Amino acid sequence: MLIDAESYQRILGDELRKLRRKRGWTRKELNQHLQSEISLQTLATYELGTRHCSVVRLVELCVAMDELPQDLLAKVHRRVFVDEPGRVRIDLRLVIKDDQEELLPLRRWADDRLRQSSDSGSAEVHLDFAALERMAELCGIPTVDLIGRLRRLNPS
């Protein structure tokens, strides 16, 4: 299984922001509870997922917000690697290799998407229900049928 670092970082930031807001704190208030000095801009970039957070800094943030780091990472892991209701994770390489005639439009899309993301190296994507409905329409099959086919292509 490949890790989409960009997606992982974005979701980690989202979980940090949720945790801070659950405490009812602003970034400035969170900063006052930290052991080390962090600029508000740095905190913002962590929450947006545009800046990588070191393990030590992540632990510091978690301790300040009374959260076990392993619990926070478990939430991130579930969001990144486990299919959420209405979402399907697919490996674009497996879609491209499939030979089901009805899935030709999906294969073309997957091939194009894989070429575009070749620099990031990620071959796995998550499709939400709206995207699945559009793909099913393009393929001329019911959405439920498409979801079943995709899940069979990507056993995990």
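A cavity is a set of grid points where a 1.4 Å probe fits but cannot get out. In this predicted model, a search of the whole structure turns up one cavity of 30 Å³ or more, and the largest cavity holds about 40 Å³ of space. Its lining is made up of Leu16, Leu30, Leu43, Tyr46, Glu47, Leu61 and Met65, and helix H3 contributes the most to this lining, with three residues. Sorted by class, the lining of the largest cavity has six nonpolar residues, one charged residue and no polar ones.

Although Ser39 and Arg27 are twelve residues apart along the chain, their C-alpha atoms are separated by 9.4 Å.

| Feature of H7 | Residues or value |
|---|---|
| Buried residues | Leu106, Arg107 and Ala110 |
| Exposed residues on the face turned away | Arg108, Arg115 and Gln116 |

The buried residues Leu106, Arg107 and Ala110 cover an arc of only 100° around the axis, which means that they lie on the same side of H7. In an α-helix there are 3.6 residues a turn, so residues three or four places apart point the same way. The buried residues of H7 pack against helix H6 (92–97), helix H8 (129–139) and helix H9 (143–153).

Terms used
Residues are numbered from 1 along each chain as its sequence is written. This is a predicted model: local features need pLDDT of at least 70, side-chain atom pairs count only at pLDDT 80 or more; totals for chains, interfaces and linings use all residues. Side-chain values use heavy atoms; hydrogens and water are left out. Buried means under 20% relative accessible area, exposed over 50%, partly exposed in between (1.4 Å probe, protein chains only). Helices (H or I, at least four residues) and strands (E, at least two) are DSSP runs, numbered from the N terminus. The arc is that of the directions from the helix axis to the C-beta atoms. Contact means heavy atoms within 4.5 Å. On a 1 Å grid over the protein atoms alone, a cavity is a set of points where a 1.4 Å probe fits but cannot get out, and a pocket is an open set with protein on both sides within 12 Å along at least five of seven lines; lining residues have an atom within 4 Å of a point. Grid points are joined across faces, edges and corners, and a volume is the space filled by probe spheres set on the points. Ala, Val, Leu, Ile, Met, Phe, Trp, Tyr, Cys and Pro count as nonpolar, Asp, Glu, Lys and Arg as charged, and the others, Gly among them, as polar.
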